Amino acid sequence: MIFQINHRITYRYERAVIVEPLTIRLRPRSDGAQRLLDYRCDIAPVPLHLCEVVDVFGNAAMQVSFSGVHLEVTIDIEARVETLRTQPFDYLSLDARATNLPAYYDAEVDKALAPYLHRQDVHPKIDQWAIMLAGSSGNQTQPFLLQATEQIARDYDSSNRYGGAPMSPGETFASKRGACRDLAVLMMDVCRSQGIASRFVSGYIHEPGHIGNSELHAWTEVYLPGGGWRGYDPSRGIAVSDQHIPVATGPEPSWAAATEGCYIGDASESSIEYEVSVVMLKI
């Protein structure tokens, strides 16, 4: 499928401020599952310096700096993307070591995946729930991933929360509600508790029939030897195919943030406005 994406972010400040160097991660990735056909990023005011980079986790990023003081900064993105993965389970075969739970990887692969297996905190109730899911899935990785994705979508209230970092897995598990980024972080922790490497993904999703402004979306990818990184969306309860458009990934959400920066000044109030549109152009 081919999609047209328009995404505008506007930062407004009560008083003119110095905008510190800003990192922007809004270029959709281009790989075997997705092809970036066209991309444009306009920034106002015009940056003093602009540098395209690839960050430590392979994301395309833009670093910009500004001169003077400003009341407003606007980032305006236009992109055309072709999604190619119509079948989320199209791998030839999976390494047997990762098909049974708890999963484990070849020693060299395990070293590379260490950031995606690390758990900042261990939540016994989440561990117990994951063990129960694994047991009801026959301790098989693929049924476990689908069941966890579907059950989070079914049992948790998916709500909008426009500001702030994701809640911890323990907070989301206890409250049984969260924004897409909260549910993605919970899914990551559930996977890691069973030895499955997982990472946070930010991007876009096409929702047929959706009316009104769309939003930046978040979901989880897991690493399956023989299948590579594969997406699971606990907000929608589905394995990811050609309706999702990944932009940035990282072992923790902060590494996939759309923008990263700060300002210097005495503006006691600031605001962020988002406008996102995802339109299907061609099947």
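Predicted model: local features only at pLDDT ≥ 70, side-chain atom pairs only at ≥ 80, totals over all residues.

Reader: OK. How many residues does α6 have, and how far does it reach?
Author: Helix α6 has 14 residues. From first C-alpha to last, α6 reaches 20 Å, close to the 20 Å expected at 1.5 Å a residue.

Reader: Is α6 mostly covered or mostly exposed?
Author: Mostly covered. Of its 14 residues, 14 are buried.

Reader: What follows α6?
Author: G195 follows α6, and the phi of G195 is positive, near 80°.

Reader: Switching to Y263. Where is it?
Author: Y263 is in strand β15, residues 263-264.

Reader: What does Y263 touch, beyond residues up to four places away in sequence?
Author: Y263 touches Y13, V17, I18, V19, E20 and S270.

Reader: And how far apart are Y263 and V69?
Author: In sequence, 194 residues. In space, 9.7 Å, C-alpha to C-alpha.

Reader: Now D55. Where does that one sit?
Author: D55 sits in the loop between β4 (49-54) and β5 (60-65).

Reader: Why does D55 count as buried?
Author: Its relative accessibility is 16%, and buried means under 20%.

Reader: Which residues is D55 in contact with, leaving aside neighbours within four places in sequence?
Author: R25 and W255.

Reader: What about F57 and the side chain of D55?
Author: A polar atom of the D55 side chain lies 2.9 Å from the backbone nitrogen of F57.

Methods: Residues numbered from 1 in each chain as written. Heavy atoms only, no water. Helix = DSSP H or I, 4+ residues; strand = E, 2+ residues; numbered from the N terminus. Expected span 1.5 Å × (residues − 1). Buried < 20%, exposed > 50% of the residue type's maximum accessible area, 1.4 Å probe, protein only. Contact = heavy atoms within 4.5 Å. Polar contact = N/O pair within 3.5 Å; in protein donor to acceptor, adjacent residues only side chain to side chain.
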